[in-house]
Amino acid sequence: MHDVSAGNADVPALGVGTFQMDDGECREAVRTALELGYRHVDTAEYYGNEAAVGDAIEASAVDRDDVFVTTKVWRSNLRADDVRRAARASLDRLGLDSVDLLLIHWPHPRVPVGETLGAMADLRAEGVVEHVGVSNFTRSQLARARRAVDIPIVADQVEYHPYKDQRDLREYCADNDLALTAYSPLARGDVLDDPILDSIGDGYGKSPAQVALRWLVQQEGVVAIPKARSRDHLEANLDVFDFSLSRAEMQRIQDRTGSIGRRLRNQLPKLVRSFPL
């Protein structure tokens with residue numbers, strides 16, 4: 001596995017996502033992932049499973065310093081005092097002295113991003129946060145965030161897969177030394193029966209899911225965090241670094257637009273952003 005360099009951070013290009021996992025399955029998935037060779041774990045206070053992630057890391061034979069841990073501050077906690085409180089509560093649940101990356105989970109139109117990032121910069125100065133970033137930010141929101149703080153923003157975590165066009169944001173991130181972290185990289189399972197991905201995979205002995213993940217991590221500055229509960233799926237997701245897609249295959253996947261239903265579902269993050277909690 002390779003790392004993606006972003007600012008002064010080295011982010012493992014493939015991580016394990018934990019969204020919508022309860023404590024038991026999260027603990028087992030993270031434990032198994034670390035055993036298999038994953039070194040990047042993504043969670044959030046909103047997921048309600050930070051304690052399970054921490055338990056799995058503590059129980060693992062992998063040294064803590066070798067695991068890149070990302071968590072996120074929920075949008076109701078973006079005022080400065082709330083950021084500091086929420087981050088320390090996350091650390092308590094994780095059982096860690098620090099996290100490698102702390103993200104703003106969603107932008108909030110009524111909280112200045114500079115206030116939130118300023119508090120995160122304080123946490124970074126105190127040594128309890130190594131790096132800071134954002135999630136679900138558009139290109140313009142990301143540019144505004146970068147102007148609001150002196151420290152590097154190292155990542156923007158967004159939905160990204162073969163049916164979600166993020167070329168504009170990806171190019172902006174690459175041009176400005178940021179990682180683009182792809183959540184839902186398998187389009188909630190939609191890639192599994194994709195005939196184009198299946199056809200490309202046949203030539204490499206790979207599944208459509210593996211082709212989709214390879215397409216992501218082969219792009220400059222892109223990190224993928226697929227969610228998987230079973231050992232078999234965790235193993236398969238990790239097995240994407242022994243082949244490379246041709247330029248034509250990369251473009252063929254890039255040109256995918258998906259069905260109407262897929263395109264409509266891909267608008268959901270924008271709708272959520274429009275109705276802040």
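Visitor: In β8, which residue is the bridge partner of V134?
Guide: In this predicted model, V134 is bridged to D156 in β8.

Visitor: How many bridges join β7 to β8, and how do these strands run?
Guide: Strands β7 and β8 run parallel and are joined by three bridges. Between β7 and β8, the chain passes through helix α5 (residues 139–147), and this β-α-β crossover is right-handed.

Visitor: Is strand β7 largely enclosed or open, and why?
Guide: Strand β7 (residues 129–135) is largely enclosed by the rest of the structure, because six of its seven residues are buried.

Visitor: What about β6 and β7: over how many bridges do they pair?
Guide: They pair over five bridges, in the parallel sense. V99 stands opposite V129 in β7. To get from β6 to β7, the chain goes through helix α4 (residues 113–126), again in a right-handed β-α-β crossover.

Visitor: Now the whole sheet, please. What is the order of its strands?
Guide: The sheet is open and has eight strands, in the order β3-β4-β5-β6-β7-β8-β9-β10, with parallel pairing.

Visitor: Which are the edge strands?
Guide: The edge strands are β3 (16–17) and β10 (222–224), each of which pairs on one side only. For β10, the pairing with β9 (residues 179–183) is parallel and has three bridges, and V223 in β10 is the bridge partner of T181.

Visitor: Which strands does helix α6 lie across?
Guide: Helix α6 (residues 167–175) lies across β8 (153–159), β9 and β10, at about 145° to β9.

Visitor: And helix α3, at what angle does it run to β5?
Guide: Helix α3 (residues 80–94) runs at about 135° to β5 (68–73), and lies across both β5 and β6 (99–104).

Methods:
Residues numbered from 1 in each chain as written. Predicted model: local features only at pLDDT ≥ 70, side-chain atom pairs only at ≥ 80, totals over all residues. Heavy atoms only, no water. Pairing = 2+ DSSP bridges. Helix = DSSP H or I, 4+ residues; strand = E, 2+ residues; numbered from the N terminus. Contact = heavy atoms within 4.5 Å. Axes fitted to C-alpha atoms, helices over the stretch in contact; angles between N-to-C directions. Buried < 20%, exposed > 50% of the residue type's maximum accessible area, 1.4 Å probe, protein only. Right-handed = clockwise from strand over helix to strand, strands pointing away.
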